[in-house]
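Hi,

I'm passing a structure over to you, and below it you'll find some notes on what turned up.

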Amino acid sequence: MNDIKRIVVVGGSAAGPKAAAKAGRINPNAEITILQKDPELSMASCGYPYYVGGFFDDRNALLATPTGVVRNPQYYLNAKGIEAKVNTEVVAIDREKREVTYKDLQSGATDSISYDKLVLATGAKPRIPQVPGTDLDGITTLQSMKDVDYLRAICDEKKICNAVVIGGGLIGVEACEALNLAGLEITLIELLPQLLPSLDWEMAKLVENHIKSKSTHIITENGVAEFLGENGKLTGVKLQNGVVLDCQLAVIAVGVVPNVKLAEDAGLEIGEWGGIAVDEYMQTSDPSIYAAGDCVESIHLVSGKKVYAPFGDLANLQGRVAGENAASENSVTFPGTIQTGICKVFDFSAGSTGLSETSAKKAGFTDLITAVNASPDKPAFMKGKLLVTKVVADKNSGRILGAQCVGPGDVGRQIAQWSMAIQGKMTVEDIVNADLPYAPPYSLTIDHFIVSAHILQNKMKGRIAGVSALEVKEKVDTGENVFIMDCRSPEEFEAMRLGIGETLIPVGALRKRLADLPEDKDTEIICYCKISMRGYESSLVLKNNGWNNVRVMEGGIMAWPFPREK
Ligand SMILES: Cc1cc2nc3c(=O)[nH]c(=O)nc-3n(C[C@H](O)[C@H](O)[C@H](O)COP(=O)(O)OP(=O)(O)OC[C@H]3O[C@@H](n4cnc5c(N)ncnc54)[C@H](O)[C@@H]3O)c2cc1C
């Protein structure tokens, strides 16, 4: 078939074994070896927070096939004919000789192995803040099985009461939930003004509010200045503003950096984000060497720019491509990513795909239009749960650039739909009549996804003048002359309200109460309700009665990120 006889894979978690397995299927005659530094293989790192938090108790489930067989060296040999050496660190690559040198971490012995093709899948390393005290006992990351065992033991022993999680990205937020469920009192610290930076501020704030409702403290715009300890043990975290938080456990989750030392030492090209530079075949600057997973950087398919996207699904997809190409000839490609991600946050999910409004502006998109839709994922009689979606599109072409969705509803399906729409370069007009599966247990008659596109279409055609919660807050804070109208029922108003100077005029009573509205028909009027459907209907009544500056607060109270009066 071809003259590739020996394929060596460095790294044995996600991308590495996927590359090895695919290579073995494509080229059954090749001799394939995985060299893995960690003691385990094929760890489901994405499952770590759920094992720590007690969602399941069998540690082996993190390492097992769907039928429960632990993926150890014996499994790889028997099931796939692949030799896997664990506790084995590759320390050098000799590109001239096409040979790698590795060290047995238990015996200390070194040896070497030659290759026809090499796949690097060395993953990422956690970023550690450069502050005093990081070596104290009680400080950990959530990156390895060792970390997982440490944290799970703490959760099981229940001796520690206070923990600080440093970093509000996906892993920090997941760590926060895991430790909270184990009964620890948690404070999450984030340097940026918001958690989950792939979301726009107001969407992230909805997630933050939900986390806070679970007795978890969140401090934003503050970082760790020092870890404090006594007798080598952590006793507290000193923040940059001088505040000291007492704690016995600190989980550092401030991001990861590509693990590229081996590639760098071998003279392979490194990209602008510090990841190994690869082309669409996952081939590095050396044609005999491929790379995949958290150690590489990718192209963002919307912005066209290079990005670092350390995601488990991408590691597997890239590994598959690298494995196939390494085993035969370059025949399959990985075109890039739109950085689709999702995370569980207690009873909420938070997901995003493509560009946020903030990242679209940074990427140079100047003419943007956005829409916020708050509505349930299913009918109320099927226990529908709320979703809040923000869509970002190019104003002229209507091309969807990104979407974010948070809430207790089925966020995953929404984000998957937006992801395919973005990758298919679809416009708003392509989505407004999308033919999706419908039955009450699964969605509303017109799915939340399509309704979000309808709102965007209405905005683009000038049929609805939206205003974001952020703009409304600014108008309130600066004392602008606006008439704010809550269009819900008195009972709903009594139970929950914003308290921003609004007047309650239920939509059903509006036609009889037009005299309560500003006489000047140019006065700006902002209508809203719980999700702004009734706000929209009220705005139409007002427009028909001559008010010409009527706007609807998008997403209504459900998308209001600021504190409410009630
Ligand atoms: C707690 C947590 C939760 C996550 N949740 C999600 C999620 O929900 N969704 C998602 O998409 N992604 C998630 N991720 C990210 C995902 O796990 C990673 O993107 C994925 O594991 C990357 O796979 P990889 O094979 O490239 O690298 P890694 O999983 O980092 O594996 C690299 C392996 O290479 C080995 N290695 C390194 N250097 C050498 C060397 N010199 N010699 C030999 N071996 C070496 C290491 O021992 C390591 O086992 C999560 C990650 C963590 C830590």
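Predicted model: local features only at pLDDT ≥ 70, side-chain atom pairs only at ≥ 80, totals over all residues.

Residues are numbered from 1 along each chain as its sequence is written, and side-chain values use heavy atoms, with hydrogens and water left out.

Now the rings. The structure holds six aromatic pairs (rings of Phe, Tyr and Trp, the last by its six-membered ring, pair if their centres lie within 6.5 Å; planes under 30 degrees apart are stacked, over 60 edge-to-face, and the rest tilted). One of them is the tilted pair of Tyr 51 and Phe 56, with 5.7 Å centre to centre and 40° between the planes. Tyr 51 is buried at 7% relative accessible area, whereas Phe 56 is partly exposed at 25%.

Phe 562 has a tilted pair with Trp 201, at 5.5 Å centre to centre and 35° between the planes. That pair links distant parts of the chain, 361 residues apart: Trp 201 sits in helix α6 (residues 201-212) and Phe 562 in the segment after β30 (550-553). Helices (H or I, at least four residues) and strands (E, at least two) are DSSP runs, numbered from the N terminus. Trp 201 itself is partly exposed, at 25% relative accessibility. Ring pairs also bring in Trp 560, making a cluster of Trp 201, Trp 560 and Phe 562.

Next, the strands. In β22 (residues 348-354), seven of its seven residues are buried. Five bridges join β22 to the antiparallel strand β21 (residues 341-345); two strands pair if DSSP finds at least two bridges between them. Here Val 345 stands opposite Phe 348. The hairpin of β21 and β22 has two residues between the strands, and Phe 346 takes a positive phi near 55° there. β22 also pairs with β25 (residues 400-407), antiparallel over six bridges, and Thr 353 stands opposite Ala 403.

Finally, the ligand. A polar side-chain atom of Asp 38 lies 2.9 Å from one of its oxygen atoms (a polar contact is a pair of N or O atoms within 3.5 Å).

Enjoy exploring!

Technical notes. Polar contact = N/O pair within 3.5 Å; in protein donor to acceptor, adjacent residues only side chain to side chain. Buried < 20%, exposed > 50% of the residue type's maximum accessible area, 1.4 Å probe, protein only.
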